[in-house]
Amino acid sequence: MTDAVAANGWLGRLRPAEWQLALPLTLAFAAFFLAPLGLLAAVSVFDDDALTRAGFAQWAKFLGDPFYWSVVGDTLGLGLMTVAATALVGFPLALVFIEASPRWQRILLFVIVLPLLTSVVVRTFAWIVILGQEGVLNRAIVALGLSPAPVRLLQTEAGLVLALTQIEMPLMLLPLLGVMMRLDPALRDASEALGASRWRTLFRVTLPLSAPGLVSGCLLVFASSTTAFISQSVIGGNRLVYLPLVIWQQSLVVYNWPLAAVAALTLLVSVSACVVAISAFGRRIGGAPVGVPAHG
Amino acid sequence: MSLRINRRGFLAGTAALGAAGLAGRPAFAKGSVTAAIYPGSWEEAFRGIVAPALAKSDGVTLEMQPLYAVDQIAKARAARGQPTFDVFVLDPGPRVSGIDVGVFEKFDPKKLKNLSAIPGGLADEWGVTIAAQVVGIAYNPKKLPAPTSWEDLLKDPWVSRLGLTGFQTTFGTVSIIEIAKRFGGSETNVDPFFTEMRKVLSKVATIGAPQAMAGLFQQGQCDVLYTNTQTVSTLKGRGVDIEFVKPASGAVAFFTTMHVAKGAAEPENAYKYIDTVISRDVQAALIKPPWNFVPVNKEVTLGPALPMKSLDEMAGFVRHDWSKINPLRASWIERFNKEVAK
């Protein structure tokens, strides 16, 4: 970088042609995302559903009610559990993938992408068949003698996390594979040649270098699972209440748009806060190995 | 080998195609109508039966927008006088909301040729009834003895196999009101339902999203639930073990109505469409499996799958006043979330 460019800052580096190219997207973003978001915020500061009296009554109602706080907590908790499960299952799968022959990689990639090719509604209803009282899983549990009677899996948080783990898995694996495929195998060989065990190589070399992919995967899975209205309502049923259900009920069933807007903004803000936290955490674990000597 | 077409042959061919096209499409000359329709079986039934009938009788093309009742009102409200469809199809709750928020054009029943074929009182200044729904209890006869009343749902052996849904849907709301009434509640007081439900809540098999209930029943996730006769007939047609029971206090009936949207682009065609829907032949076709509608046209012969022998029996069914229910529904939904969920 030359001194002149550095002095001009980032604006100096952007030639006019570059920002002009970004203009259509910027305008579309402003018109179709920022403006509606502003509208949403405006709707939330009305007291009544006919939008005639401005006020913060709906915010007060939402934030003053412990029930809604627990809904926010459950929604974020669901996201974190799904992220943990997809990462735990997805990372070993990615390790298998990068070691596989090109032929197997093609087959694996097809299997990984397959869930994205079927509609989320179909995937979700398929999970009802798997998790139900007379579903595949329960028949196996009873046949193996693990439990005398079918266990309740549908409409439990565990069942929902299990289903979301499969449904959201491509979102974890695709960015993870993108990064891990570019890792230089020589680094792993060097680590082992220098005497590190395979576990040590995994935790000190492969994992930190894969961190950017892992973090992007976590972000996508988190944002997608916390807002997965169809899966949450069909598999979770109405026993489990999450923010998307509250938004749907308030906007479409009882027409209380201000409260729906409050819930929608709360979802946006709380999910964004977690996304920022996850990426900050990712930068820390991803940044550590660079220039830091490994201590014995 | 090459296909050779000379200019004269080409012109003659195109002219013939054009003539055939014109002859086959007289409907476009009379325009179209856009109707909101419930997604799923209603949409399929209307595509298969109503659309061809309307094209034949009036030459009008039917376009459909699949939307649930509540979505239709929300969409019409958001459109502010520029609706994307001409005709609503609604349950009683959303119908009252629609009147309140003013998204309907005033309705003139006299414009319907088939008005005399439907029982009195089913058409008014806002719209006309085109089908009925009868709600009661459905159960799996292979797994459970027949329940006889609403209160049975909260007793063993039924409660531990019960599939519960909340106030989001019309059938859910009316069923919960009926349960509440058996324990001293009323149309405007569902407290007894919550009190009684709390005692047995841990036993309840399933608390589901309404759209998932049929699937949950089929999967054996629950063996007794409240639902309408149409769902029962449809599941039965698929070979599911399911029977409908009229509770001792009476089954609940409510009407599905059609309304012309305020600012509709094709108001005249909207009347023609509604007239077609209530015509004898269309209603007779709609009551057959797999559609299983409950008709409103008196000239239609009722089948054995329906819970009544004549439409006059409908007068004896339990009815509700949605202008009283609507204002309370938001608080009931919130209470259901807080007390029954989790």
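**View 1. Packing of helices H3 and H4 in chain B of the predicted model.** Helix H3 (residues 69-79) of chain B packs against helix H4 (residues 92-101) of chain B at an angle of about 10°, the axes being 9 Å apart. Axes are lines fitted to C-alpha atoms, for helices over the stretch in contact, and angles run from 0 to 180 degrees between N-to-C directions. H3(B) and H4(B) are therefore roughly parallel to each other (angles under 35 degrees). H3(B) contributes Ala69(B), Val70(B), Gln72(B), Ile73(B) and Arg77(B) to the contact, and H4(B) contributes Pro94(B), Ser97(B), Gly98(B) and Val101(B); two residues are in contact if their C-beta atoms, placed from the backbone, lie within 7 Å. By class, the contact of H3(B) with H4(B) has 5 nonpolar, 3 polar and 1 charged residues (Ala, Val, Leu, Ile, Met, Phe, Trp, Tyr, Cys and Pro count as nonpolar, Asp, Glu, Lys and Arg as charged, and the others, Gly among them, as polar). Helices (H or I, at least four residues) and strands (E, at least two) are DSSP runs, numbered from the N terminus.

The model is predicted: local features need pLDDT of at least 70 and side-chain atom pairs count only at pLDDT 80 or more, whereas totals for chains, interfaces and linings use all residues. Residues are numbered from 1 along each chain as its sequence is written, with chains lettered from A and ligands numbered from 1 in the order in which they are written.

**View 2. The two domains of chain B.** The assignment, from an automatic or database source, gives domain 1 (27-132 + 254-316) and domain 2 (134-253 + 321-339) of chain B. Their C-alpha centres lie 27 Å apart. The contact takes 18 residues from domain 1 of chain B and 19 residues from domain 2 of chain B. On the domain 1 side, H4(B) gives the most, with 4 residues.

**View 3. Helix H9 of chain B.** Helix H9 (residues 267-277) of chain B is mostly covered, with 8 of its 11 residues buried (20 or more other C-beta atoms within 10 Å of the residue's own, C-beta atoms being placed from the backbone). Among the buried residues of H9(B) are Tyr271(B), Lys272(B) and Tyr273(B).

**View 4. Confidence in chain A.** The mean pLDDT (the predictor's confidence in each residue, from 0 to 100) of chain A is 85, and 91% of its residues reach 70 or more. Confidence in chain A is lowest in helix H1 (residues 3-13), at a mean of 51, and highest in helix H4 (residues 66-99), at 94.

Notes
Parallel < 35°, antiparallel > 145°, perpendicular 65-115°, else oblique. Buried ≥ 20, exposed ≤ 12 C-beta atoms within 10 Å, placed from the backbone.
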